[in-house]
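Me: I would like to learn how to read a few features of a protein model. Please take them one at a time.

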Amino acid sequence: MARAHVRARSRRLGIALWCAAWACAAAAIVLSLTPQPSTDPATPADKLVHLGGYAVTTLCWLLSTVWAPVRGPGPVRDHPERVVAAVVAFSLCLELAQPLVGRTADVADGAANALGAALGWGLWRALGARLEEDPGRRR
């Protein structure tokens, strides 16, 4: 009975992580392809938003596709760098699509997105290392 409870909890966690990952992707699409915001896109705050947004997006995708307890071995789980590369490619595609909606593609935004993805990967690796250090917890 306890094993079924753990499986159900793991499944709920997996669903929650997938929902978070897709919500991040949807937010990136909406925020990138809607009319220009009223704030100046050249400000450092804008770049921090890009950095933080893509760090969270990458972390959510890594947790849902690579870490989630219900995941078995596979091409994505064994190669988390593919997830990071996909997030960076996604962000660059959104940057390149912005002229189609009256905005301008910005190299600095693309760089901030890529740095955010790298930060998310670093956070994911640190979290994984911490879970492995704690003998009372399992991945």
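Me: Does Ser91 count as buried or exposed, and why?

Reply: Start with the source. This is a predicted model, in which local features need pLDDT of at least 70 and side-chain atom pairs count only at pLDDT 80 or more, while totals for chains, interfaces and linings use all residues. Residues are numbered from 1 along each chain as its sequence is written, and side-chain values use heavy atoms, with hydrogens and water left out. Buried means under 20% relative accessible area, exposed over 50%, and partly exposed in between (1.4 Å probe, protein chains only). Ser91 counts as buried because its relative accessibility is 1%.

Me: Which residues is Ser91 in contact with, beyond its neighbours within four places in sequence?

Reply: Contact means heavy atoms within 4.5 Å. With those neighbours set aside, Ser91 is in contact with Tyr54 and Asn113. The Ser91 side chain also reaches the backbone oxygen of Val88, at 2.8 Å.

Me: Where is Ser91 found?

Reply: Helices are DSSP runs (H or I, at least four residues), numbered from the N terminus. Ser91 is in helix H3, residues 80-97.

Me: How many disulfides does a search of the whole structure find?

Reply: A disulfide is a covalent bond between the sulfur atoms of two cysteines. Here the test is a pair of cysteine sulfur atoms within 2.5 Å. The search finds zero disulfides. Cys60 is in none, and its nearest cysteine sulfur, that of Cys24, is 3.9 Å away.

Me: Does Cys60 count as buried or exposed?

Reply: Cys60 counts as buried, because its relative accessibility is 15%.

Key
Helix = DSSP H or I, 4+ residues; strand = E, 2+ residues; numbered from the N terminus. Polar contact = N/O pair within 3.5 Å; in protein donor to acceptor, adjacent residues only side chain to side chain.
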